[in-house]
Amino acid sequence: MTDQSHESFMHQALLLAKDASRLQEVPVGAIVVHKGVVIAEASNAQIGNCDPTAHAEINALRLAASALDNYRLPGCTIYSTVEPCLMCAGAMLHARVDCVVYGAPEPRAGAASGRVNYFTEMAHVHKLKVIGGVLEDDCRNLIKEFFRQRRG
């Protein structure tokens with residue numbers, strides 16, 4: 001994939017994150033792409049679903065697995081507006097996703113470049129490519145504005 005296609009897919013994920021924000025969910029959006037086609041898209045839904053695991057990435061992985069009728073997702077790239085947490089990173093590895101592309105780093109809970117790099121620091125059977133910082137400013141600003149409004 002090219003930088004331009006990464007940005008295009010991240011723009012789609014940002015739209016989902018904005019939808020989550022309107023529902024008072026933390027604004028994170030995720031899409032799963034297989035062979036250049038979006039096969040799943042989701043946003044955070046922990047509050048709406050009353051489910052602590054309903055992160056955008058987990059929701060998108062579930063939908064992608066259903067779309068491909070396979071719990072393994074080889075050949076897939078997942079785009080997330082925010083660096084995945086440890087739970088989401090683990091799910092991506094178990095799903096055998098080829099690549100994760102994220103926008104804003106998450107210094108407190110991120111598992112790709114934050115406090116830990118789960119993808120490279122642990123001895124995993126599956127290796128996946130990690131690309132961070134795609135539309136980073138847009139992704140970061142959306143999160144910052146959401147929390148500014150909640151605190152303010």
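This is a predicted model: local features need pLDDT of at least 70, side-chain atom pairs count only at pLDDT 80 or more; totals for chains, interfaces and linings use all residues.

Modeller: Residues are numbered from 1 along each chain as its sequence is written, and side-chain values use heavy atoms, with hydrogens and water left out.

Biologist: What span does helix H1 reach from its first C-alpha to its last?

Modeller: Helices (H or I, at least four residues) and strands (E, at least two) are DSSP runs, numbered from the N terminus. H1 covers residues 3–22, which is 20 residues. The expected span is 1.5 Å times one less than the number of residues. For H1 this expectation is 28 Å, and the model is close to it at 29 Å.

Biologist: Is H1 roughly parallel or roughly antiparallel to H6?

Modeller: Two packed helices are described by the angle between their axes and the distance between the axes. Axes are lines fitted to C-alpha atoms, for helices over the stretch in contact, with angles from 0 to 180 degrees between N-to-C directions. H1 and H6 have axes 11 Å apart and an angle of about 5 degrees. Because angles under 35 degrees count as roughly parallel, H1 is to H6 roughly parallel.

Biologist: Which residues of H6 make the contact with H1?

Modeller: Contact means heavy atoms within 4.5 Å. H1 contributes Met10, His11, Leu14, Ala17, Lys18 and Ser21. From H6 come Asp138, Cys139, Leu142 and Phe146.

Biologist: Is Phe9 buried or exposed?

Modeller: Phe9 is found in helix H1 and touches Met1, Ile31, Val33, Gly36, Val38 and Tyr79, not counting residues up to four places away in sequence. Buried means under 20% relative accessible area, and exposed over 50% (1.4 Å probe, protein chains only). With a relative accessible area of 9%, Phe9 is therefore buried.

Biologist: Which residue has the backbone nitrogen that the side chain of Asn44 reaches?

Modeller: Asn44 is found in the loop between S2 and helix H2 (46–49), and is buried, with a relative accessible area of 7%. Leaving aside neighbours within four places in sequence, the contacts of Asn44 include Ala20, Val28 and His55. At 2.8 Å, the side chain of Asn44 reaches the backbone nitrogen of Ala56.

Biologist: Which residue just after H1 takes a positive phi?

Modeller: The residue concerned follows H1 in the chain. With a phi of about 65 degrees, that residue is Gln24.

Note on methods:
Angles under 35 degrees count as roughly parallel, over 145 as roughly antiparallel, 65 to 115 as roughly perpendicular and the rest as oblique. A polar contact is a pair of N or O atoms within 3.5 Å; within protein, one must be able to donate a hydrogen and the other to accept it, and residues adjacent in sequence count only if both atoms are side-chain atoms.
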